[in-house]
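Student: Please take me through one part of this model closely. I would like to look at the nonpolar core and the aromatic rings around it.

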Amino acid sequence: MEKKSSRLKTLLTPGEVARRSGVAVSALHFYESKGLIHSQRNAGNQRRYTRDVLRYVAIIKIAQRIGIPLATISEAFSVLPEGHTLSAKEWKALSSTWREELERRINTLVALRDELDGCIGCGCLSRKDCPLRNPNDRLGAEGAGARLLEEPADRAPHRSGTDDD
């Protein structure tokens, strides 16, 4: 009985996790619905979290802050056993995969900032010449109609050449 009693004391209520992690209880429920964190249910069917959830919530918030999508976070967590406490070595491996994405975003933002300086004075935002909306009129060569300027990094470009795209 003593072992069960001490184990129950280590479980945290959603309110305790929310207070200690700085996120709303509704965010915890959302993260759980996405499979990012896990809870147990007590005899009264109330959620209880192990202490390792605090580290996972911290990682989720850090990743979100740098723009990592929840699906990518979920992929990273999916290789870890449930209830596993992430080591410093595992965190380094995990964060290094996100570092490349962060560098890409930084480079994109720097390029946009540099190009924006040139647009402020002209005010035309020409669909043909604008370096932000249509660099080198690359879309004009594909024919009439709206075109996607940036493809998601995880998809190959799709261009059918019709006006219905």
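Tutor: What follows goes from the overall layout to the core and then to the rings.

This is a predicted model, in which local features need pLDDT of at least 70, side-chain atom pairs count only at pLDDT 80 or more, and totals for chains, interfaces and linings use all residues. Residues are numbered from 1 along each chain as its sequence is written, and side-chain values use heavy atoms, with hydrogens and water left out.

Start with the layout. The chain has 6 helices and 2 strands. Helices are DSSP runs of H or I with at least four residues, strands are runs of E with at least two, and both are numbered from the N terminus. In sequence order the pattern reads α-α-α-β-β-α-α-α. The chain has 165 residues, and 24% of them count as buried. Buried means under 20% relative accessible area, exposed means over 50%, and partly exposed lies in between, with a 1.4 Å probe and protein chains only.

Now the core. A nonpolar core is a set of buried Ala, Val, Leu, Ile, Met, Phe, Trp, Tyr and Cys residues joined through side-chain atoms within 4.5 Å. The largest one here has 26 residues. Leu28, Ile37, Ile60, Ile73, Phe77 and Trp98 have the most contacts inside it. At least two residues come from each of α2, α3, α4 (52-65), α5 (70-78) and α6 (88-122). Helix α4 gives the largest share, 7 residues. In soluble globular proteins, nonpolar side chains tend to be buried together.

Apart from neighbours within four places in sequence, Phe77 contacts Leu36, Tyr56, Ile59, Ile60 and Leu94. Contact means heavy atoms within 4.5 Å.

Helix α2 (residues 14-21) packs against α3 (residues 25-33) at about 105 degrees, with the axes 8 Å apart. That makes α2 roughly perpendicular to α3. Axes are lines fitted to C-alpha atoms, for helices over the stretch in contact, and angles run from 0 to 180 degrees between N-to-C directions. Under 35 degrees counts as roughly parallel, over 145 as roughly antiparallel, 65 to 115 as roughly perpendicular, and the rest as oblique. On the α2 side the contact uses Pro14, Gly15, Val17 and Ala18; on the α3 side, Val25, Leu28 and His29.

Now the rings. The structure holds 3 aromatic pairs. Rings of Phe, Tyr and Trp (its six-membered ring) pair if their centres lie within 6.5 Å; planes under 30 degrees apart count as stacked, over 60 as edge-to-face, and the rest as tilted. Phe30 and Tyr31 form a tilted pair, 6.4 Å centre to centre with 55 degrees between the planes. Phe30 is partly exposed at 39% relative accessibility, whereas Tyr31 is buried at 4%. Trp91 and Trp98 form another pair, with centres 6.2 Å apart and planes at 75 degrees, so this one is edge-to-face. Trp91 is partly exposed at 28%, while Trp98 is buried at 5%.

Finish with Trp91, which sits in helix α6. Beyond residues up to four places away in sequence, Trp91 touches Ile59, Ile62, Leu86 and Trp98. Ile59 is 32 residues from Trp91 along the chain, and their C-alpha atoms are 8.9 Å apart. Ile59 is also a contact of Phe77.
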